[in-house]
Amino acid sequence: MTPTRIAVIPGEPRARVELTVGALAPRLISRESARAHVAVAAAGMVLLGGDRVDIEIDIAPGCTLEIEDVGGTVAYPGPRSTWNLSVRIGAGGALTWDGLPFVVTTGADVLRRSSLTLGADARAVIRETLVLGRHGEHGGRLVSELAVTDDEGPLVVERLDVHGDAPEPGVLGDNRVLDAVIAIGFRPPTRAADLEFAGAGAMARHLSDHTHGSPLDDVWGSWVAHAERSRHDVTV
């Protein structure tokens, strides 16, 4: 299947935004000379068993991309499906992506990979909400991998392997929802339970058995605002 692609290149009076429809359909909402707001929604039934979804995001130096998720994602029962996200942010660029729930239904088997590469002074704030099962379900198997590299080398490398029918103590336990906000390229204001990276960045997480009422709603707003201020300070 054709990869979904979003690229932002600066221009006057408006940035050039390249959009390629794959499993997801990106739609331009607005743009300025070095900034774009894009919505993404499923172009069809996603994820069916055996599907492969590839998403490529390329943000030119000095540009900002805001992605708005529409509808979230449901992985349906069947053989292993894969979801590959590759992000490249040029020097001084920025990405914000407020992702909606990614639901792994009972009987589904999903490998989800996210890879981000950031240039000097680049910023990103990403939210991901992983859910095992729809209401009343235990959920299937999910392997979720995250790798983040900045101009100094690896910043975050982690792997989560969970199965709704076999909960493990010390991982999700009895919880079926893992909500996370990830900040990269700057130091956001953190709470006591948040994880601060050795390099510039942090992660806030919340475990629950439901998606509503997450305390990370406030964290998301605060960290996005801080990323904007930090980027402006570097620019000026």
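## The open sheet

In this predicted model, 7 strands form an open sheet with mixed pairing, in the order S2-S1-S5-S8-S11-S13-S14; strands here are DSSP runs of E with at least two residues, numbered from the N terminus, and two of them pair if DSSP finds at least two bridges between them. Strand S2 (16-20) and strand S14 (153-163) stand at the edges with a single partner strand each, so one side of each has no neighbour in the sheet.

Within this sheet, strand S11 (residues 109-118) pairs with strand S13 (residues 141-150) in the parallel sense, over 9 bridges, and Val110 stands opposite Leu142 in S13.

A cis peptide bond, with omega about 0°, joins Glu12 and Pro13, and Pro13 is placed in the loop between strand S1 (4-9) and S2. Another cis peptide bond, also with omega about 0°, joins Val46 and Leu47, where Leu47 belongs to the loop between strand S4 (35-42) and strand S5 (52-59).

Asp121, in the loop between S11 and strand S12 (123-132), has a positive phi of about 60° although it is not a glycine.

## How the model was read

Residues are numbered from 1 along each chain as its sequence is written, and side-chain values use heavy atoms, with hydrogens and water left out. Because the model is predicted, local features need pLDDT of at least 70 and side-chain atom pairs count only at pLDDT 80 or more, whereas totals for chains, interfaces and linings use all residues.

Notes:
Helix = DSSP H or I, 4+ residues; strand = E, 2+ residues; numbered from the N terminus.
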